[in-house]
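Dear colleague,

Please find below the structure that I am handing over to you. My notes on what was found in it follow directly after it.

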Amino acid sequence: MKVLIVTESYFGNTARVGEAIAAGLQSRGADVTVVDAASAPPPGAQDLVMVGAPTHYRGLPSPTSRDQAETRGGRRVTAGVAEWLEKIPRSAGTHAWAFDTVSNTGFFAGSAAKAIGKRLRAKSFDVVGRMSFVITGTGTPPPGTELARARQWGATLAG
């Protein structure tokens, strides 16, 4: 199974989750490429495309929220998942999953994964579902339980 994982990350949390998912997939023999959205190639001959971003203001990061993340110590990001999704070609029904990192769950928390899934569907991807991973803060790594859950999820997806 060939898998492309595209992430957008400011403090490293979403990237760590993407790497944990990749480790789970690789533990079952998948050929996985993890890449930052700013340098991600368009999807090619993958069996599965996974796209992840942090939830900002209940959705995908925007130029304004990116600037705010940078002022709080995050790395500078000029183009992320939203821009990558905008420029990629339509798919021929490639399977896809969306994931995000959130500071809490619930109705008012919002979800970048929901927005990612909607944009993937608009590009004719077969969006299988979405998953959220809770982080405790911008400057701290995701809890080990969330990274373990991401790894297990990846292993499950690989069959």
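The side chains of arginine 90 and serine 124 are joined by a polar contact of 2.6 Å; a polar contact is a pair of N or O atoms within 3.5 Å, where within protein one must be able to donate a hydrogen and the other to accept it, and residues adjacent in sequence count only if both atoms are side-chain atoms. Please note that this is a predicted model, in which local features need pLDDT of at least 70 and side-chain atom pairs count only at pLDDT 80 or more, while totals for chains, interfaces and linings use all residues. Residues are numbered from 1 along each chain as its sequence is written, and side-chain values use heavy atoms, with hydrogens and water left out.

Arginine 90 sits in the loop between α3 (81–87) and β4, and serine 124 in the loop between α4 (112–122) and β5. Helices (H or I, at least four residues) and strands (E, at least two) are DSSP runs, numbered from the N terminus. A polar atom of the arginine 90 side chain also lies 2.8 Å from the backbone oxygen of alanine 122. Not counting residues up to four places away in sequence, arginine 90 touches Ala122, Lys123 and Ser124, where contact means heavy atoms within 4.5 Å. The C-alpha atoms of arginine 90 and arginine 121 are separated by 9.4 Å, although these residues are 31 residues apart along the chain.

Arginine 90 counts as exposed because its relative accessibility is 57%, whereas serine 124, at 26%, is partly exposed. In these terms, buried means under 20% relative accessible area, exposed over 50%, and partly exposed in between (1.4 Å probe, protein chains only). Serine 124 has a further feature: a positive phi of about 70 degrees, although it is not a glycine. Most residues other than glycine have a negative phi.

**Helix α4**

The buried residues of α4 are Ala112, Ala113, Ile116, Gly117 and Leu120. They lie on the same side of α4, because they cover an arc of only 135 degrees around the axis; the arc is that of the directions from the helix axis to the C-beta atoms. Lys114 and Lys118 are exposed on the other side of α4. The buried residues of α4 pack against β3, α3, β4 and β5.

**Nonpolar cores**

Which residues touch the most other members of the largest nonpolar core? They are Val81, Trp84, Ile116 and Leu120, in a core of 22 residues. β1, β3, α3, β4 and α4 are the elements that give two or more residues to this core. A nonpolar core is a set of buried Ala, Val, Leu, Ile, Met, Phe, Trp, Tyr and Cys residues joined through side-chain atoms within 4.5 Å. A second, separate core has 17 residues, including Val3, Ala20, Leu48 and Leu157. Leaving out residues up to four places away in sequence, isoleucine 116 touches Val51, Gly52, Ala53, Leu60, Val81, Leu85, Ala98 and Phe99.

**Helix α1**

Helix α1 (residues 13–26) has 14 residues, which at 1.5 Å a residue should span 20 Å; its end C-alpha atoms are 20 Å apart, which agrees. The expected span is 1.5 Å times one less than the number of residues. The buried residues of α1 include Asn13, Val17, Ile21 and Leu25, and the buried residues of this helix pack against β1 (2–7), β2 (31–36), β3 (48–54), β4 (95–102), β5 (126–134) and α5 (144–157). Threonine 14, also in helix α1, is buried, with a relative accessible area of 2%. Its side chain makes a polar contact of 2.7 Å with that of threonine 101.

**Aromatic pairs**

The structure holds 2 aromatic pairs. The ring centres of tryptophan 97 and tryptophan 153 are 5.1 Å apart and the planes are at 85 degrees, so this pair is edge-to-face. Rings of Phe, Tyr and Trp (its six-membered ring) pair if their centres lie within 6.5 Å; planes under 30 degrees apart count as stacked, over 60 as edge-to-face and the rest as tilted. Tryptophan 97 lies in strand β4 and tryptophan 153 in helix α5, so the pair ties together parts that are 56 residues apart in sequence. Phenylalanine 133 and tryptophan 153 form a tilted pair, 5.9 Å centre to centre with 50 degrees between the planes. Trp97, Phe133 and Trp153 form one aromatic cluster.

With kind regards
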